[in-house]
Amino acid sequence: MKILIVDDDPRLRDLLRLALERAGHAVVTAGDGRAALATVTREGPDLVILDVGLPEMDGFEACRRIRATSDVPILFLTARDDEIDRVLGLELGADDYVTKPFSPREVVARVRAILKRAGGGPGQRLALGDLVLDLEARQCRAGGVEVPLTATEFQILAQLMAAPGRLVTRPVLVAALWGARSAVSDRTLDSHLRNLRRKLAEAGCDGVLETVHGQGIRAGVRA
(Lines give C-alpha, C1' and ligand atoms only; values in the text may rest on other atoms or scores of the structure.)
Protein backbone atom coordinates (compact mmCIF):
# COMPACT_ATOMS: atom_id res chain seq x y z
CA MET A 1 0.00 0.00 0.00
CA LYS A 2 1.17 3.54 -0.80
CA ILE A 3 0.86 6.08 2.03
CA LEU A 4 1.13 9.86 1.64
CA ILE A 5 2.43 11.70 4.73
CA VAL A 6 1.64 15.45 4.82
CA ASP A 7 3.37 17.41 7.58
CA ASP A 8 5.51 20.56 7.63
CA ASP A 9 7.94 19.01 10.16
CA PRO A 10 10.58 17.08 8.17
CA ARG A 11 11.71 15.17 11.26
CA LEU A 12 8.19 13.91 11.89
CA ARG A 13 7.78 12.99 8.23
CA ASP A 14 10.98 10.95 8.35
CA LEU A 15 9.98 9.27 11.61
CA LEU A 16 6.63 8.17 10.22
CA ARG A 17 8.12 7.22 6.86
CA LEU A 18 10.59 4.84 8.49
CA ALA A 19 7.88 3.26 10.67
CA LEU A 20 5.53 2.75 7.74
CA GLU A 21 8.24 1.40 5.45
CA ARG A 22 9.19 -1.11 8.13
CA ALA A 23 5.52 -2.16 8.15
CA GLY A 24 5.77 -2.89 4.43
CA HIS A 25 4.22 0.26 2.94
CA ALA A 26 5.53 2.47 0.15
CA VAL A 27 5.67 6.10 1.30
CA VAL A 28 5.55 9.49 -0.40
CA THR A 29 5.64 12.80 1.47
CA ALA A 30 4.55 16.43 1.16
CA GLY A 31 5.30 19.45 3.33
CA ASP A 32 2.14 21.52 2.81
CA GLY A 33 -1.46 21.33 1.67
CA ARG A 34 -0.90 22.42 -1.92
CA ALA A 35 1.84 19.87 -2.41
CA ALA A 36 -0.47 17.27 -0.85
CA LEU A 37 -3.20 17.97 -3.44
CA ALA A 38 -0.73 17.62 -6.30
CA THR A 39 0.70 14.40 -4.82
CA VAL A 40 -2.74 12.83 -4.39
CA THR A 41 -3.42 13.48 -8.08
CA ARG A 42 0.00 12.33 -9.26
CA GLU A 43 0.65 9.34 -6.99
CA GLY A 44 -2.84 8.00 -6.21
CA PRO A 45 -2.03 6.94 -2.63
CA ASP A 46 -4.07 4.32 -0.79
CA LEU A 47 -4.19 6.48 2.38
CA VAL A 48 -3.27 10.04 3.38
CA ILE A 49 -1.83 10.99 6.79
CA LEU A 50 -2.67 14.69 7.04
CA ASP A 51 -1.50 17.17 9.67
CA VAL A 52 -4.19 19.66 10.70
CA GLY A 53 -1.76 22.49 11.52
CA LEU A 54 -0.25 23.04 8.08
CA PRO A 55 0.89 26.53 7.02
CA GLU A 56 -1.12 28.55 4.47
CA MET A 57 -3.66 25.81 3.68
CA ASP A 58 -4.51 23.90 6.86
CA GLY A 59 -5.36 20.22 6.99
CA PHE A 60 -9.11 20.82 7.13
CA GLU A 61 -9.07 22.80 3.88
CA ALA A 62 -6.75 20.25 2.25
CA CYS A 63 -9.17 17.51 3.31
CA ARG A 64 -12.10 19.42 1.77
CA ARG A 65 -10.28 19.71 -1.53
CA ILE A 66 -9.12 16.11 -1.56
CA ARG A 67 -12.67 14.96 -0.83
CA ALA A 68 -13.94 16.95 -3.83
CA THR A 69 -12.19 14.50 -6.17
CA SER A 70 -11.15 11.46 -4.15
CA ASP A 71 -12.46 9.07 -1.49
CA VAL A 72 -8.95 8.06 -0.37
CA PRO A 73 -8.92 7.30 3.39
CA ILE A 74 -7.54 10.19 5.49
CA LEU A 75 -5.96 10.01 8.96
CA PHE A 76 -5.62 13.40 10.69
CA LEU A 77 -2.68 14.31 12.89
CA THR A 78 -3.65 17.05 15.32
CA ALA A 79 -2.10 18.90 18.26
CA ARG A 80 -5.49 20.41 19.12
CA ASP A 81 -6.98 18.54 22.05
CA ASP A 82 -10.43 19.92 21.31
CA GLU A 83 -13.52 17.81 20.64
CA ILE A 84 -14.94 20.36 18.18
CA ASP A 85 -11.84 20.11 16.01
CA ARG A 86 -11.95 16.33 16.11
CA VAL A 87 -15.62 16.16 15.11
CA LEU A 88 -15.10 18.80 12.41
CA GLY A 89 -12.26 16.76 10.95
CA LEU A 90 -14.33 13.60 10.81
CA GLU A 91 -17.35 15.41 9.38
CA LEU A 92 -15.16 16.73 6.56
CA GLY A 93 -14.55 13.15 5.54
CA ALA A 94 -11.52 12.03 7.55
CA ASP A 95 -11.56 8.40 8.65
CA ASP A 96 -9.76 8.79 11.99
CA TYR A 97 -7.42 11.07 13.93
CA VAL A 98 -4.36 10.79 16.17
CA THR A 99 -3.55 13.46 18.74
CA LYS A 100 0.06 14.62 19.19
CA PRO A 101 2.25 13.52 20.83
CA PHE A 102 1.90 9.96 19.55
CA SER A 103 4.09 6.95 18.95
CA PRO A 104 4.84 5.82 15.37
CA ARG A 105 3.53 2.40 16.40
CA GLU A 106 0.11 3.92 17.14
CA VAL A 107 -0.01 5.59 13.73
CA VAL A 108 0.95 2.34 11.98
CA ALA A 109 -1.82 0.53 13.88
CA ARG A 110 -4.39 3.18 12.91
CA VAL A 111 -3.28 2.97 9.27
CA ARG A 112 -3.65 -0.80 9.32
CA ALA A 113 -7.16 -0.55 10.81
CA ILE A 114 -8.31 2.07 8.29
CA LEU A 115 -7.00 0.06 5.34
CA LYS A 116 -8.83 -3.02 6.60
CA ARG A 117 -12.08 -1.06 6.85
CA ALA A 118 -11.52 0.30 3.34
CA GLY A 119 -10.86 -3.16 1.96
CA GLY A 120 -7.18 -2.47 1.49
CA GLY A 121 -5.74 -5.41 3.33
CA PRO A 122 -6.26 -8.99 4.47
CA GLY A 123 -8.77 -9.97 7.13
CA GLN A 124 -11.63 -8.06 5.54
CA ARG A 125 -14.16 -9.16 8.16
CA LEU A 126 -15.84 -7.35 11.04
CA ALA A 127 -17.35 -9.38 13.87
CA LEU A 128 -19.53 -8.54 16.85
CA GLY A 129 -20.61 -11.65 18.70
CA ASP A 130 -22.51 -13.83 16.21
CA LEU A 131 -22.83 -10.96 13.75
CA VAL A 132 -20.20 -11.03 10.99
CA LEU A 133 -19.65 -8.72 8.01
CA ASP A 134 -17.57 -10.01 5.10
CA LEU A 135 -16.45 -6.77 3.46
CA GLU A 136 -15.04 -8.42 0.36
CA ALA A 137 -18.07 -10.62 -0.35
CA ARG A 138 -20.44 -7.87 0.84
CA GLN A 139 -22.29 -10.35 3.05
CA CYS A 140 -23.79 -10.06 6.51
CA ARG A 141 -24.32 -13.21 8.59
CA ALA A 142 -25.87 -13.77 11.99
CA GLY A 143 -25.17 -17.16 13.54
CA GLY A 144 -24.04 -18.36 10.12
CA VAL A 145 -27.30 -17.34 8.42
CA GLU A 146 -27.15 -14.62 5.78
CA VAL A 147 -28.97 -11.37 6.58
CA PRO A 148 -30.05 -9.62 3.34
CA LEU A 149 -29.03 -5.96 3.49
CA THR A 150 -29.17 -3.17 0.96
CA ALA A 151 -25.87 -1.52 0.02
CA THR A 152 -26.65 1.47 2.27
CA GLU A 153 -27.64 -0.72 5.22
CA PHE A 154 -24.44 -2.70 4.79
CA GLN A 155 -22.31 0.46 4.77
CA ILE A 156 -24.04 1.86 7.88
CA LEU A 157 -23.42 -1.37 9.75
CA ALA A 158 -19.81 -1.53 8.56
CA GLN A 159 -19.16 2.03 9.77
CA LEU A 160 -20.57 1.24 13.23
CA MET A 161 -18.98 -2.21 13.60
CA ALA A 162 -15.55 -0.87 12.63
CA ALA A 163 -15.32 0.72 16.08
CA PRO A 164 -17.58 -1.18 18.52
CA GLY A 165 -18.74 0.95 21.43
CA ARG A 166 -17.68 4.25 19.83
CA LEU A 167 -20.44 6.80 19.37
CA VAL A 168 -20.76 8.00 15.78
CA THR A 169 -22.65 11.24 15.30
CA ARG A 170 -25.32 11.52 12.62
CA PRO A 171 -23.36 14.10 10.56
CA VAL A 172 -20.27 11.87 10.60
CA LEU A 173 -22.34 8.85 9.52
CA VAL A 174 -24.00 10.81 6.73
CA ALA A 175 -20.63 12.16 5.53
CA ALA A 176 -19.09 8.69 5.55
CA LEU A 177 -21.92 7.24 3.46
CA TRP A 178 -22.95 10.06 1.16
CA GLY A 179 -20.09 12.57 1.29
CA ALA A 180 -19.29 15.62 3.39
CA ARG A 181 -21.29 17.93 1.11
CA SER A 182 -24.37 15.74 1.03
CA ALA A 183 -27.79 17.21 1.78
CA VAL A 184 -29.17 13.87 3.00
CA SER A 185 -31.67 14.47 5.79
CA ASP A 186 -31.97 12.85 9.20
CA ARG A 187 -35.24 11.34 8.03
CA THR A 188 -33.43 9.44 5.26
CA LEU A 189 -30.81 8.14 7.67
CA ASP A 190 -33.50 7.18 10.19
CA SER A 191 -35.33 5.21 7.53
CA HIS A 192 -32.23 3.16 6.72
CA LEU A 193 -31.49 2.64 10.41
CA ARG A 194 -35.05 1.53 11.10
CA ASN A 195 -34.92 -1.08 8.32
CA LEU A 196 -31.48 -2.23 9.43
CA ARG A 197 -32.60 -2.65 13.05
CA ARG A 198 -35.65 -4.63 11.93
CA LYS A 199 -33.56 -7.03 9.85
CA LEU A 200 -31.03 -7.51 12.66
CA ALA A 201 -33.83 -8.15 15.16
CA GLU A 202 -35.36 -10.75 12.85
CA ALA A 203 -31.94 -12.41 12.67
CA GLY A 204 -31.71 -12.58 16.47
CA CYS A 205 -29.43 -9.57 16.89
CA ASP A 206 -31.90 -7.17 18.48
CA GLY A 207 -30.25 -4.33 20.39
CA VAL A 208 -26.93 -4.42 18.50
CA LEU A 209 -27.39 -0.78 17.45
CA GLU A 210 -27.90 1.73 20.24
CA THR A 211 -28.93 5.35 19.84
CA VAL A 212 -27.75 7.73 22.56
CA HIS A 213 -30.09 10.70 22.41
CA GLY A 214 -28.37 13.88 21.30
CA GLN A 215 -24.99 12.15 20.91
CA GLY A 216 -25.02 9.48 18.24
CA ILE A 217 -25.27 5.80 17.39
CA ARG A 218 -23.00 2.92 18.28
CA ALA A 219 -22.71 -0.80 17.76
CA GLY A 220 -22.98 -2.62 21.08
CA VAL A 221 -21.91 -6.10 22.13
CA ARG A 222 -25.25 -7.84 22.43
CA ALA A 223 -25.09 -9.68 19.11
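Me: Are Phe 60 and Phe 76 buried or exposed?

Reply: In this predicted model, both Phe 60 and Phe 76 are buried.

Me: How many aromatic pairs does a search of the whole structure find, and how is such a pair read?

Reply: Two values describe a pair of aromatic rings: the distance of the centres and the angle of the planes. Here the search of the whole structure finds one aromatic pair. Phe 60 and Phe 76 form this pair, with 5.4 Å centre to centre and 85 degrees between the planes, and the arrangement is edge-to-face.

Me: Which parts does the pair of Phe 60 and Phe 76 tie together?

Reply: Phe 60 belongs to helix α3 (residues 59-67) and Phe 76 to strand β4 (residues 74-78), so the pair ties together parts that are 16 residues apart in sequence.

Me: How should I read a sheet, and in what order do the four strands of the open sheet come?

Reply: In general, strands of a sheet pair through backbone hydrogen bonds, and the pairing is either parallel or antiparallel. In this case the open sheet has the order β6-β7-β8-β9, with antiparallel pairing. Strands β6 (125-128) and β9 (145-146) are the edge strands, each pairing on one side only. Helix α6 (residues 151-161) packs on the sheet and touches β6, β7 (131-134) and β8. The direction of α6 makes about 110 degrees with that of β7.

Me: How many bridges join β8 to β9?

Reply: Two bridges join β8 (residues 139-142) to β9, and these strands run antiparallel. Ala 142 has Val 145, in β9, as its bridge partner.

Me: Where is Arg 141, and which residues is Arg 141 in contact with beyond its neighbours within four places in sequence?

Reply: Arg 141 is in strand β8. Those neighbours aside, Arg 141 is in contact with Asp 130, Leu 131, Val 132, Glu 146 and Val 147. A polar atom of the Arg 141 side chain lies 3.0 Å from the backbone oxygen of Gly 144. Arg 141 counts as partly exposed because its relative accessible area is 31%, between the cut-offs of 20% and 50%.

Me: What is a disulfide, and how many does a search of the whole structure find?

Reply: A disulfide is a covalent bond between the sulfur atoms of two cysteines. The search of the whole structure finds zero disulfides.

Terms used: Residues are numbered from 1 along each chain as its sequence is written. This is a predicted model: local features need pLDDT of at least 70, side-chain atom pairs count only at pLDDT 80 or more; totals for chains, interfaces and linings use all residues. Side-chain values use heavy atoms; hydrogens and water are left out. Two strands pair if DSSP finds at least two bridges between them. Contact means heavy atoms within 4.5 Å. Axes are lines fitted to C-alpha atoms, for helices over the stretch in contact, and angles run from 0 to 180 degrees between N-to-C directions. Buried means under 20% relative accessible area, exposed over 50%, partly exposed in between (1.4 Å probe, protein chains only). A polar contact is a pair of N or O atoms within 3.5 Å; within protein, one must be able to donate a hydrogen and the other to accept it, and residues adjacent in sequence count only if both atoms are side-chain atoms. Rings of Phe, Tyr and Trp (its six-membered ring) pair if their centres lie within 6.5 Å; planes under 30 degrees apart count as stacked, over 60 as edge-to-face and the rest as tilted. A disulfide is a pair of cysteine sulfur atoms within 2.5 Å.
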